[in-house]
Amino acid sequence: MGIAVLVTGVIAAVVVMVVMNTSGAETKNAVKPAPTQAGAPTPLPGENPEVKTPVVPPAVNAPAPTPTPTAAVAPPPVLQEGDDCPDSTLAVKGITSQPQYVVGDQPKFTMVVTNIGLVACERDVGAAVLAAYVYGLDNTRLWSNLDCAPSNETLVKTFNPGEQVTTEVTWTGMGSAPGCPLPRQPIGPGTYNLVVQLGNLRSATVPFILAQPAPQAEAPAPAQGAPAPEQAPAPAG
């Protein structure tokens, strides 16, 4: 009987210890915190995690541009000594004998042709191809020395580099047109331009003035009371 009671007590003690150990393990498991997930990496300065970098497609190899064919430019012909002078080797200009004239004067104009090239060459500078013109400021043609005095004169001149040929013409102050139609009208006061032309080569304009002539002073009237001039006696017979 006593042994049975002892065995029963031991079994009860073992059961109590098992129950206590089980409760303690459950308590530890309940208190143990759940593991936390690793946070997202902190963005670097200047980076915005919300902005996505666009994906750039690979560049397509563009075909090389096709070269545009250009026409070959032929060099100008080499001028030989004694050849005709092209316009590019000559310069023409006009010179007025003075900057201002008076209506009624006959202005004198000088036509100058200069070889500005590097080689001696020839050119006709006769009166048939070298002309002076007078224009108004509105570019109206008023006169040319060839209108009323046309010429077939030729003067082939050999120009050395830098050499000049000068020709002088006189303007009567009257207007004219090709063929010299009459009547010719005098040109009034104003500002005009002189132009010299050799074939298709034209000079720069040279302005000059035609001024109104000064009024003539009237003779003073004789003073009152002065004796009248004596008349010569009429011849006898």
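Buried here means under 20% relative accessible area, exposed over 50% and partly exposed in between, with a 1.4 Å probe and protein chains only. The model is predicted: local features need pLDDT of at least 70, side-chain atom pairs count only at pLDDT 80 or more, and totals for chains, interfaces and linings use all residues. Residues are numbered from 1 along each chain as its sequence is written, and side-chain values use heavy atoms, without hydrogens and water.

**View 1. Strand E9 is largely enclosed by the rest of the structure.** E9 covers residues 190-198. Of its 9 residues, 7 are buried, so the strand is largely enclosed. Strands (E, at least two residues) and helices (H or I, at least four) are DSSP runs, numbered from the N terminus.

**View 2. E9 pairs with E5 and with E11.** Two strands pair if DSSP finds at least two bridges between them. E5 (residues 130-136) runs antiparallel to E9, joined by 7 bridges. E11 (residues 206-211) is also antiparallel to E9, with 5 bridges. Asn193 of E9 stands opposite Tyr135. In E11, Asn193 has Pro207 as its bridge partner.

**View 3. E9 and E10 form a hairpin.** E10 spans residues 201-202 and pairs with E9 in the antiparallel sense over 2 bridges. Leu198 stands opposite Leu201 in E10. There are 2 residues between the strands, and Gly199 takes a positive phi near 60 degrees.

**View 4. Six named residues form one aromatic cluster.** They are Tyr101, Phe109, Trp143, Trp171, Tyr192 and Phe208. The structure holds 8 aromatic pairs. Rings of Phe, Tyr and Trp (its six-membered ring) pair if their centres lie within 6.5 Å; planes under 30 degrees apart count as stacked, over 60 as edge-to-face and the rest as tilted.
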